[in-house]
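Please look over the sequence and the model before reading on.

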Amino acid sequence: MVEFWDTTSKVSLTAAYLGRELGVASINDAHTFALFRDCGAPLLMQKFPDYWGTMRSAGMDDAQDMADMECANYGTHHASVGATLAMSWHLPAEIGQSIQMHHENRELSQSTNTPNDKPAILVSLGILADGILRNYRDIPTSDHLDRESELAYKTLCVTHEDLDPLQSDIKRILSGE
Ligand SMILES: [Fe+2]
């Protein structure tokens with residue numbers, strides 16, 4: 001659980017920072033989304049003692065496969081559980097929608113009115129924050145993450161060059177300074 005919350009905390013701070021600096025989302029929206037994005041996972045860990053071990057041993061490289069595996073093993077997946085929790089906590093509807101779709105890249109690729117599509121923007125910020133954290137931790141990227149990241153860049157209408165000037169601040173955020 002410590003690892004889970006450390007990752008969640010770092011991803012949410014990074015997503016909030018990116019949202020503000022790239023001018024695509026408010027700190028509040030990006031932080032709230034990324035903080036609660038995977039909140040269904042601790043619930044599933046409580047209910048199914050083997051959940052975390054199963055997820056870890058399967059690897060987290062292909063998020064869609066992971067969601068499919070959760071469904072096969074536990075009859076649901078953490079995005080769906082998280083969206084239900086968000087609704088019960090009266091979080092804004094768009095936050096719940098974002099949590100629900102955060103592993104559904106088909107929806108991201110089909111996003112048509114991106115500047116107004118808050119769920120697609122928030123999910124994309126989470127993907128970029130995931131990639132940045134992996135890089136910071138020297139965890140190799142994967143084909144799946146690379147594909148997700150390219151979709152995220154496209155959705156946010158930003159480039160790798162837009163992120164470069166932000167690297168020193170991001171390192172400071174991730175090191176907890
Ligand atoms: Fe997730």
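## A starting residue

Leu145 belongs to helix H10, which covers residues 143-156. Helices here are DSSP runs of H or I with at least four residues (strands are runs of E with at least two), numbered from the N terminus. The model is predicted: local features need pLDDT of at least 70, side-chain atom pairs count only at pLDDT 80 or more, and totals for chains, interfaces and linings use all residues. Residues are numbered from 1 along each chain as its sequence is written.

Leu145 is buried, because 20 other C-beta atoms lie within 10 Å. A residue counts as buried if 20 or more other C-beta atoms lie within 10 Å of its own, as exposed if 12 or fewer do, and as partly exposed in between, with C-beta atoms placed from the backbone. Leu145 is 17 residues from Leu128 in sequence, and their C-alpha atoms are 9.3 Å apart in space.

## The nonpolar core

The largest nonpolar core has 29 residues, and Ala15, Ala30, Leu125 and Ala129 touch the most other members. Such a core is a set of buried Ala, Val, Leu, Ile, Met, Phe, Trp, Tyr and Cys residues joined through C-beta atoms within 7 Å. At least two residues of this core come from each of helix H1 (2-21), helix H2 (27-36), helix H6 (78-88), helix H7 (93-100), helix H9 (118-136) and H10. H9 gives the most, nine residues.

Apart from neighbours within four places in sequence, Ala129 is in contact with Val11, Thr14, Ala15, Leu18 and Ala34. Contact means that the C-beta atoms of two residues, placed from the backbone, lie within 7 Å.

## Helix H9

How many of the 19 residues of H9 are buried? The count is 14, and H9 is mostly covered. The 19 residues of H9 should span 27 Å at 1.5 Å a residue, and the end C-alpha atoms are 27 Å apart, which agrees. The expected span is 1.5 Å times one less than the number of residues.

The axes of H7 and H9 come within 9 Å and cross at roughly 55°, which makes H7 oblique to H9. Axes are lines fitted to C-alpha atoms, for helices over the stretch in contact, and angles run from 0 to 180 degrees between N-to-C directions. Angles under 35 degrees count as roughly parallel, over 145 as roughly antiparallel, 65 to 115 as roughly perpendicular, and the rest as oblique. Glu94, Gln97 and Ser98 of H7 make the contact with Lys118, Pro119, Leu122 and Val123 of H9.

H9 and H10 pack at an angle of about 135°, with axes 9 Å apart, and are therefore oblique to each other. On the H9 side, Ala120, Ile121, Ser124, Ile127, Leu128 and Gly131 take part. They meet Leu145, Glu148, Ser149, Ala152, Thr155 and Leu156 in H10.

## Two loop residues

Most residues other than glycine have a negative phi. Asp138, in the loop between H9 and H10, has a positive phi near 60°. Asp138 is exposed, because 6 other C-beta atoms lie within 10 Å.

Cys157 is found in the loop between H10 and helix H11 (160-163). Phi of Cys157 is also positive, near 55°. With 13 other C-beta atoms within 10 Å, Cys157 is partly exposed.
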